[in-house]
Amino acid sequence: MIGIGISLLLGWVVADEEFLPRRSRRHDEPQATSSPSSLALVQEQVALNPRDWRWSVLLARAQLSQGDRQAAAITLKRLQTLHPNRLEVISLNSLLSLETGSVQPALDQVSQLFQQSAPKQRLELGLLLADLHRQVGNVKAAASTYERLIKDDPSRVEPLLALALLNRDQGNGNQALALLNQAERLGDDERLQPNNLSSIRLNWALEAARNKTKRALQVP
């Protein structure tokens, strides 16, 4: 499953956590599609607009959605030649790496770019890096990356929510709730949906209570 970092770049679709922000799409941005006829239209637009990287990104995404990894890799290779440091291209490379089971080279690339970026300008790279760490099972490195992003810019909700989800997934309900409350206290952030926060908080509190009870019963 696509994790929070890659989802940030591809539309913020993370499990069923509806309180997470969804990236707004510009009205002139090409829309994703996967039908054969629409794919042909995208290929035509790529040919007509060779300097517009957005059409090539859309083409690679459509090729991936159809399971044509070889075609997506060819499209991505051209993108990497022309736009090697564009975040959307790096994200696509990471997604392709996840699907082909070769994550480490993508992780190394993102890690290097993250280290070279200014703290205030590496939020999305950091979310992607943490997501790749999670995909290879390095939860500690993922958490450390989220914490670093929070330190870089305490006003951003994304790393707080990502770390909250990570803690929830690890069974650390109380820590997850604390982070969720911290994100809510940041202020009037339109990306947070207050109507859902109360039910999410209740569900997480119940999970934390159940986990606490299980741990207590397991103590000899």
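Which residues does V110 touch, not counting residues up to four places away in sequence?

**Figure 1. Overview of the predicted protein chain.** This is a predicted model, in which local features need pLDDT of at least 70, side-chain atom pairs count only at pLDDT 80 or more, and totals for chains, interfaces and linings use all residues. Residues are numbered from 1 along each chain as its sequence is written, and side-chain values use heavy atoms, with hydrogens and water left out. The protein chain contains 11 helices and zero strands, where helices (H or I, at least four residues) and strands (E, at least two) are DSSP runs numbered from the N terminus. Of its 220 residues, 44% count as buried; buried means under 20% relative accessible area, exposed over 50%, and partly exposed in between (1.4 Å probe, protein chains only). The accessible surface comes to about 12,200 Å², and 50% of this belongs to carbon and sulfur atoms (Shrake-Rupley method, 1.4 Å probe; for residues, only the protein chains shown count as cover).

**Figure 2. Confidence along the chain.** The mean pLDDT of the protein chain is 78, and 68% of the residues score at least 70; pLDDT is the predictor's confidence in each residue, from 0 to 100. Among the elements, helix α8 (residues 139–152) has the highest mean pLDDT (96), whereas helix α1 (residues 4–10) has the lowest (44). Over residues 6–29, pLDDT stays under 50, and the model has 64 contacts beyond four places in sequence for them; contact means heavy atoms within 4.5 Å. Where pLDDT is low, the predicted coordinates should not be read in detail.

Figure 3. Helix α6 (residues 104–116) has 13 residues and reaches 18 Å from its first C-alpha to its last, close to the 18 Å expected at 1.5 Å a residue; the expected span is 1.5 Å times one less than the number of residues. Within α6, A106, L107, V110, L113 and F114 are buried. These residues cover an arc of only 135 degrees around the axis, so they lie on the same side of α6; the arc is that of the directions from the helix axis to the C-beta atoms. P105 and Q116 are exposed on the other side. The cover over the buried residues of α6 includes α5 (87–100), α7 (123–135) and α8.

**Figure 4. V110 and the largest nonpolar core.** V110 touches I90, S94, L125, L128, L129 and L132, not counting residues up to four places away in sequence. The largest nonpolar core has 29 residues, and V110, L125, L127, L132, Y146, L163 and L166 have the most contacts inside it. Such a core is a set of buried Ala, Val, Leu, Ile, Met, Phe, Trp, Tyr and Cys residues joined through side-chain atoms within 4.5 Å. Two or more residues each come from α5, α6, α7, α8, α9 and α10 (173–184), and α7 gives the most, with seven. Apart from this core lies another, of 11 residues, among them W53, A72, L92 and L96.

**Figure 5. L76 in helix α4.** L76 lies in helix α4 (residues 69–82) and is buried, at 4% relative accessibility. Beyond its neighbours within four places in sequence, L76 is in contact with V89, L92, N93 and L96. The C-alpha atoms of L76 and L92 are separated by 7.6 Å, although the two are 16 residues apart along the chain.

**Figure 6. N167 in helix α9.** N167 belongs to helix α9 (residues 158–169). With a relative accessible area of 14%, N167 is buried. Not counting residues up to four places away in sequence, N167 touches N172, Q175, A176 and L179.
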